[in-house]
Amino acid sequence: MGVQPFDMVPRSTRRRFVQRTIALSATGLVVPGMVIGREPVPDPLMIVRSRRPLDAETPVEVFESQVTPNRLFFIRSHFGVPAVGLTERWTLKIDGGVKRETTFSLDDLSQFKQVTIPAVLQCTGNGRALYSPTIPGVGWLKGAVGNAEWTGVRLAELLDRAGVEPGMAHVHLHAADGPPMPKTPAYLRSIPLDRATAESTFALRMNGEPLPAEHGGPIRLVVPGWSGNHWIKWLRTLVVAHDEAPGFFMQAGYKMPIKPTAPGVDLKPSELKPVTVMNVKSLIARPLDGARLKAGSNEARGVAWTGGEASVTRVEVQAGQGGVWRDAVLEGPARPFTWRRWRLAFDANGLGPLVIRARATDSDGAVQPEISPWNKSGYLWNGYDHVACEVE
Ligand SMILES: Nc1nc2c(c(=O)[nH]1)N[C@H]1C(S)=C(S)[C@@H](COP(=O)(O)O)O[C@H]1N2
Ligand SMILES: [Mo]
């Protein structure tokens with residue numbers, strides 16, 4: 001489970017795969033049985049954090065737009081893209097605690113009602129590089145986040161079709177990507193059934209285009225309001241179950257301290273909680289860090305979002321003028337899941353250095369803290385955003 005069955009791969013790919021496996025297994029990079037995908041080529045604007053598998057973040061100036069374009073959307077994969085692209089033959093199976101084990105082709109899925117949900121996808125580790133002391137892991141700064149319009153079928157509809165048995169509480173999400181080494185656990189996660197039957201959606205399209213392979217095409221899960229580790233890409237099988245999924249990525253990974261804890265303190269499992277909803281956060285898209293501003297009137301712009309069912313109600317910005325925080329103008333209505341653009345006009349009076357800071361507040365009253373409490377995996381950084389400019 002977790003690896004695409006070999007017979008799903010067309011013969012030409014199979015031949016290429018066998019050749020590559022033979023070539024690469026000699027170097028010890030690959031074990032026979034693994035299906036290798038071609039790694040995506042990132043747009044030259046992207047900031048690459050790891051080449052293989054490709055982890056790349058979006059430059060912050062892209063966050064001036066409401067929707068993050070697909071080619072500039074951050075990419076994070078634990079094991080790289082599997083050998084997909086076989087869209088006509090892709091199937092999604094629901095089994096486990098259901099009345100009717102059901103398999104859907106992509107064609108079947110297109111017969112269901114299609115919904116479009118604008119929602120922020122953010123890696124749980126976005127901002128890890130901003131924690132001090134330093135934390136190992138992908139050194140994301142600000143750009144492991146994006147806002148897209150996800151189109152597809154609600155999970156609730158497919159679960160209804162299969163008929164969930166009484167007593168079931170979780171949905172295990174098996175994907176087509178696999179670890180390169182047999183001892184490495186597969187990226188297997190589960191979500192609670194009540195989350196699955198709320199807004200969760202299988203996305204087949206992203207910003208109006210077929211879901212790109214690097215973002216989980218042909219089919220991925222969208223869990224609006226929850227952080228990216230639940231948004232499983234290349235979905236193949238859903239197992240409805242009584243318990244959470246077993247294995248490292250569910251039982252050990254993606255846990256945070258319940259109470260803020262000093263670096264170096266080891267916590268018991270009972271002192272940890274799973275990362276689920278995102279926290280309130282804003283980013284400054286303009287001016288850029290290091291920008292040279294003309295004295296006089298200027299404008300700061302950016303985005304803000306939060307998690308769960310909450311929405312952003314306020315963004316305050318500090319830009320010179322005696323260090324006062326002023327309310328930015330927010331665009332559009334306060335809505336959950338998607339982000340909200342903000343802007344603030346300010347006068348850059350004195351010449352010299354000027355630090356601009358931003359903090360958001362959400363409908364639950366949560367306010368972005370100046371510095372996020374340290375946690376050993378570097379999750380959910382949401383300290384004030386700041387950029388240092390020079391007025392000349
Ligand atoms: N199958 C699979 N799904 C996955 C992952 C993965 O490694 N394998 N990584 C997860 C993580 S940690 C994140 S942050 C998002 C990233 O999605 P993106 O690459 O489309 O931005 O996908 C999630 N879904
Ligand atoms: Mo992530």
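Is Cys123 buried or exposed, and what is its relative accessibility?

**View 1. Cys123 and Cys389 in the predicted model.** Cys123 counts as buried because its relative accessibility is 13%, buried being under 20% relative accessible area with a 1.4 Å probe and protein chains only. Cys389 is likewise buried, at 4%. The structure holds 0 disulfides, a disulfide being a pair of cysteine sulfur atoms within 2.5 Å.

**View 2. The shell around ligand 1.** Ligand 1 is surrounded by 19 residues, of which the closest are Phe74, Asp177, His215, Arg220 and Lys233, where a residue is counted if one of its heavy atoms lies within 4 Å. By class, this shell comprises 10 nonpolar, 4 polar and 5 charged residues, with Asp, Glu, Lys and Arg counted as charged, Ala, Val, Leu, Ile, Met, Phe, Trp, Tyr, Cys and Pro as nonpolar, and the others, Gly among them, as polar.

**View 3. Polar contacts of ligand 1.** An N or O atom in the His215 side chain is 2.7 Å from an oxygen atom of ligand 1, and a polar side-chain atom of Arg220 also lies 2.7 Å from a ligand oxygen; a polar contact is a pair of N or O atoms within 3.5 Å.

**Notes.** This is a predicted model, in which local features need pLDDT of at least 70, side-chain atom pairs count only at pLDDT 80 or more, and totals for chains, interfaces and linings use all residues. Residues are numbered from 1 along each chain as its sequence is written, chains are lettered from A and ligands numbered from 1 in the order in which they are written, and side-chain values use heavy atoms, with hydrogens and water left out.

Definitions and conventions
Polar contact = N/O pair within 3.5 Å; in protein donor to acceptor, adjacent residues only side chain to side chain. Buried < 20%, exposed > 50% of the residue type's maximum accessible area, 1.4 Å probe, protein only.
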